[in-house]
Amino acid sequence: DFNLTMKWLTKFQKETESELLTSEEIEKESMSIKNDLQKIDDMKSLPFEKWIDEYNRHIKSLKLKKTAVHGDFQIRNILVDRKKLLLNVIDWDWRFQEKGNPIYDFVWLGTNLMIDGNNMIDSLSLHLEGKGKFTESIKILKNTMKIQFNQDFDFITLQRFMILRFITIKIKDGTVGYLSYIELLKKIQKNNYLKKF
């Protein structure tokens with residue numbers, strides 16, 4: 001199922017590839033996310049500005065071409081027909097971008113796999129230690145990214161940014177669901193899990 005998912009995503013991106021993602025576009029999004037996070041008291045104990053700056057440096061060094069982006073690419077939105085070896089992706093909502101950052105769908109899927117379960121902090125910890133339920137799938141995902149873009153990625157830097165970005169999306173939704181993601185980032189920072197992955 002996961003190999004089929006990676007095949008679908010790489011094909012989707014190749015068919016929708018367009019111009020280079022510019023430094024200005026990266027900076028604009030990052031500044032918007034920083035501004036939104038600065039308004040959240042719970043974020044003040046986290047070095048989110050440093051994390052965003054690290055993301056900026058990394059993503060600018062990659063020279064990525066924009067592709068269409070689903071925006072919420074995760075297990076619940078992927079339907080697999082095993083008999084026909086077909087995959088259908090659902091829930092194409094306002095997060096879809098015709099021309100966006102191609103790493104988003106990869107990293108968001110990987111992040112959601114790593115936090116799957118009743119306790120997302122425990123699940124993430126297990127995955128960062130290479131003992132999680134989807135450890136093999138994460139390896140396939142990271143390898144697919146390397147082949148798709150012909151370069152190495154700092155997955156943790158990208159993942160932290162995606163979680164920060166998701167927090168700003170949840171805030172705009174008007175829900176308090178973002179609080180658990182702030183706790184997730186606090187736990188990660190406190191235990192230095194990210195250095196092991």
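Which residues line the largest cavity?

## The model

This is a predicted model, in which local features need pLDDT of at least 70, side-chain atom pairs count only at pLDDT 80 or more, and totals for chains, interfaces and linings use all residues. Residues are numbered from 1 along each chain as its sequence is written, and side-chain values use heavy atoms, without hydrogens and water.

## The cavity

The largest cavity is lined by Gly71, Arg95, Trp108, Met162, Arg165, Phe166 and Ile169. A cavity is a set of points, on a 1 Å grid over the protein atoms alone, where a 1.4 Å probe fits but cannot get out; a pocket is an open set with protein on both sides within 12 Å along at least five of seven lines, and lining residues have an atom within 4 Å of a point.

The search of the whole structure finds 1 cavity of 30 Å³ or more, and the largest holds about 50 Å³ of space; a volume is the space filled by probe spheres set on the points, which are joined across faces, edges and corners. Helix 7 gives the most to this lining, with 4 residues; helices (H or I, at least four residues) and strands (E, at least two) are DSSP runs, numbered from the N terminus.

The largest pocket has a volume of about 350 Å³. Its lining comprises 20 residues, of which Glu29, Ile33, Gln97, Tyr104 and Arg165 lie nearest the centre. Helix 2 (23–38), strand 4 (97–100) and helix 7 (155–173) are the elements that give two or more residues to this lining, and helix 2 gives the most, with 6 residues.
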